[in-house]
Amino acid sequence: MVEVRYEERPPKTRLMVWVEGTPFILLHFVPLLALLPGIEVRPIDWVVCAALYFVRMFAVTGIYHRYFSHRTYKTSRVFQFLMAVLAQTSSQKGALWWAAHHRHHHKYSDTPQDVHSPIQRGFWYAHVGWMWDNTDATDYSKIKDLAKYPELVFLNKVWWLPPTLLGFAVWLSLGWSGLLIGFCLSTVLLWHGTFTINSLTHLFGKRVYETTDESRNSFLLSLVTLGEGWHNNHHYYQACTRQGFHWWQLDITYYILRGLALVGLIWDIREPPREVVEGTWRPSKHRDAGAAEGSGDIAKAA
Ligand SMILES: [Zn+2]
Ligand SMILES: [Zn+2]
């Protein structure tokens, strides 16, 4: 296991950043190949594009975020693995890498140590730039509760395998138009939909709760991200599964998780306590107060 503390990251040369970032930039143009003569885009390609966006956005928010990063509900070891595979089809690296970075974000949000703060480094750095600022290693000290599962550590190392297999399956069943529109376009849209949480939700929207960062609530972003737009709620109190604290705060991820709990695949979903919803709850000692058990580990490790 590679133990890399973000605070000790060695600098990267500008050339290395470009070499590593170029495939990501090029993939943005790949869907345009569907305009080439000989490629006929059918309605089914658009249906698959929308479905893969929806299912994988749920996986990003319900699995990477609310399960692996914050441990806000429980599940079996087998379903935990299957959830990690599904989340990793989003092509956002391994579940452990994702969780380690996210816990770091909560611990230092909007301070100079935050890995992706638009307040500290501007919109584009928080949106995409930070991923090429030598953040490719997984800081296992921040995810000790997850690193004890060898199957998750293995999956974290071969993070590229689930998206590659998904892309191949889409190509086999729907051909080139399916690959370009159904898989590639939905992946690019999914990336930027997810990235808005790091960039826009710390810049635009309403601040309902007093937090130590600049997190905000946005209805529009909650639509794009199936419920993650209630980011100020979430920074105020991280330990609950539900992020839309009121019935009118649309939180589609939470509704789907309730469905999974109903059929017994997950359990111990956490609701926000009344004093949290009312805003009278106060974090006690440190920035991690209100974090679920997994996130609580960071306070001890750091
Ligand atoms: Zn979070
Ligand atoms: Zn945040």
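Modeller: A definition comes first: axes are lines fitted to C-alpha atoms, for helices over the stretch in contact, and angles run from 0 to 180 degrees between N-to-C directions. Helices themselves are DSSP runs (H or I, at least four residues), numbered from the N terminus. This is a predicted model, in which local features need pLDDT of at least 70, side-chain atom pairs count only at pLDDT 80 or more, and totals for chains, interfaces and linings use all residues. Residues are numbered from 1 along each chain as its sequence is written, and chains are lettered from A and ligands numbered from 1 in the order in which they are written.

Colleague: How many residues does helix α2 have, and how far does it reach?

Modeller: Helix α2 covers residues 43–69, which is 27 residues, and spans 36 Å from its first C-alpha to its last. That is close to the 39 Å expected at 1.5 Å a residue, where the expected span is 1.5 Å times one less than the number of residues.

Colleague: Is α2 mostly covered or mostly exposed?

Modeller: Mostly covered, since 19 of its 27 residues are buried. A residue is buried if 20 or more other C-beta atoms lie within 10 Å of its own, exposed if 12 or fewer, and partly exposed in between; the C-beta atoms are placed from the backbone.

Colleague: At what angle do α2 and α4 pack?

Modeller: Helix α4 (residues 95–108) packs with α2 at an angle of about 65 degrees, and their axes are 9 Å apart. That makes α2 roughly perpendicular to α4. Angles under 35 degrees count as roughly parallel, over 145 as roughly antiparallel, 65 to 115 as roughly perpendicular and the rest as oblique.

Colleague: Which residues make that contact?

Modeller: From α2 they are Y64, H65, F68 and S69, and from α4 they are A95, W98, A99, H102 and R103. Two residues are in contact if their C-beta atoms, placed from the backbone, lie within 7 Å. The contact of α2 with α4 comprises five nonpolar, three polar and one charged residue. Here Ala, Val, Leu, Ile, Met, Phe, Trp, Tyr, Cys and Pro count as nonpolar, Asp, Glu, Lys and Arg as charged, and the others, Gly among them, as polar.

Colleague: And how does α2 pack with α12?

Modeller: Helix α12 (residues 252–262) meets α2 at about 75 degrees, with the axes 9 Å apart. These two helices are therefore roughly perpendicular to each other. On the α2 side the contact uses F58, T61, G62 and R66, and on the α12 side T253, I256 and L257. Three of these residues are nonpolar, three polar and one charged.

Colleague: T61 is in that list. Where is G227, and how far is it from T61 in space?

Modeller: G227 lies in the loop between α10 (219–224) and α11 (231–236). The C-alpha atoms of G227 and T61 are 8.0 Å apart, although 166 residues separate them in sequence. Leaving out residues up to four places away in sequence, G227 touches several others, including T61, L250 and T253. G227 counts as buried because it has 27 C-beta neighbours inside 10 Å.

Colleague: Changing topic, are α3 and α8 parallel or perpendicular?

Modeller: Helices α3 and α8 (residues 150–157) pack at about 10 degrees, with their axes 10 Å apart. They are therefore roughly parallel to each other. F81, A84, V85 and Q88 of α3 make the contact with E151, L152 and L155 of α8. Those residues divide into five nonpolar, one polar and one charged.

Colleague: What about the backbone: what is the phi of S91, and of N134?

Modeller: Most residues other than glycine have a negative phi. S91 has a positive phi of about 60 degrees although it is not a glycine, and N134 also has a positive phi of about 60 degrees without being a glycine. S91 is in the loop between α3 (77–88) and α4, and N134 is in the loop between α6 (123–127) and α7 (144–147).

Colleague: Why is S91 counted as buried, and how is N134 counted?

Modeller: S91 counts as buried because it has 20 C-beta neighbours inside 10 Å. N134 has 16 other C-beta atoms within 10 Å, so it is partly exposed.
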